[in-house]
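This report describes one protein model, from the whole chain down to single residues.

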Amino acid sequence: EMTTDQIARFRSADALRAAILEFHAAWRRSIGEAISTNRTHVEANGRKVKELIEAQSKKADSPAEARLSQEITTAFADYLSRVSESLDTPRVTPEGTASRAAEQGVETGLERLLALSEKLTADNRATAERFVTDANAALTRLQRFLFVALLCLLISGIAIVVLVYRRTISPLRGNLAESLAIIDRQEKLASLGVFAAGIAHEVRNPLT
């Protein structure tokens, strides 16, 4: 049952967290700058995070996982809008209030995303632990089944040996014992005949 998709699913939360942190780092490098390549890099990282979130949503099996995926989607949409707002806000303002507020909003969105990713990690870990527990239980049942099967095989082998002995070997031994008794009796009769012939010879000579 342990497929490649399940292994990837167990690691999806870590990949999502890493992608979010990478996106945040790219935003950090790009705030207040007008270089288009930096903005493009931020957008590319945003698309990567969005793809990971969508993939996680498709893999949700239970209502709880579906709700968590929806929360992550909503939180990332809010975080993405705050990032766009901060990138559009000039960093150098009369008092720098607007830029600091925008950056603070992005940091707040990041904290919420990281908290949800930690919750996703805990859920994936619990799923993995349940899978391992079920696998161990299945292995225990398999071990017991094999033990019982070997015991039944041993008992069946003993029963077959006893049956073969009673049906084949025991009659042969009886016939062999009877044959030995007949041979022994014939040997005794032959010895008695030789003895009688010797006596008749010894008696006939004096009579003659």
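Helices (H or I, at least four residues) and strands (E, at least two) are DSSP runs, numbered from the N terminus. The model is predicted: local features need pLDDT of at least 70, side-chain atom pairs count only at pLDDT 80 or more, and totals for chains, interfaces and linings use all residues. Residues are numbered from 1 along each chain as its sequence is written, and side-chain values use heavy atoms, with hydrogens and water left out.

**Chain**

The protein chain has five helices and zero strands, and its pattern along the sequence is α-α-α-α-α. Of its 208 residues, 22% count as buried, where buried means under 20% relative accessible area, exposed over 50% and partly exposed in between (1.4 Å probe, protein chains only). The chain exposes about 14700 Å², of which carbon and sulfur atoms supply 62%; accessible areas come from the Shrake-Rupley method with a 1.4 Å probe, and for residues only the protein chains shown count as cover. Contact means heavy atoms within 4.5 Å. Among contacts between residues at least 6 apart in sequence, 71% join residues at least 24 apart.

**Helices H2 and H4**

The axes of H2 (residues 12-30) and H4 (residues 63-88) come within 11 Å and cross at roughly 10°. That makes H2 roughly parallel to H4. From H2, the contact involves Leu16, Phe23, His24, Trp27 and Ser30; from H4, it involves Ile72, Tyr79, Leu80, Val83, Ser86 and Leu87. These residues divide into eight nonpolar, three polar and no charged. Axes here are lines fitted to C-alpha atoms, for helices over the stretch in contact, with angles running from 0 to 180 degrees between N-to-C directions. Angles under 35 degrees count as roughly parallel, over 145 as roughly antiparallel, 65 to 115 as roughly perpendicular and the rest as oblique. Ala, Val, Leu, Ile, Met, Phe, Trp, Tyr, Cys and Pro count as nonpolar, Asp, Glu, Lys and Arg as charged, and the others, Gly among them, as polar.

The 26 residues of H4 should span 38 Å at 1.5 Å a residue, and the end C-alpha atoms of H4 are 38 Å apart, which agrees; the expected span is 1.5 Å times one less than the number of residues. Buried residues of H4 include Glu65, Ile72, Tyr79, Val83, Ser86 and Leu87.

**Single residues**

His24 is placed in H2. Leaving aside neighbours within four places in sequence, His24 is in contact with Tyr79, Val106, Glu107 and Leu110.

Not counting residues up to four places away in sequence, Leu52 touches Ala15, Leu16 and Ala19. Glu54 and Gln70 are 16 residues apart in sequence and 9.5 Å apart in space, C-alpha to C-alpha.

| Residue | Relative accessibility | Class |
|---|---|---|
| His24 | 9% | buried |
| Leu52 | 29% | partly exposed |
| Glu54 | 41% | partly exposed |
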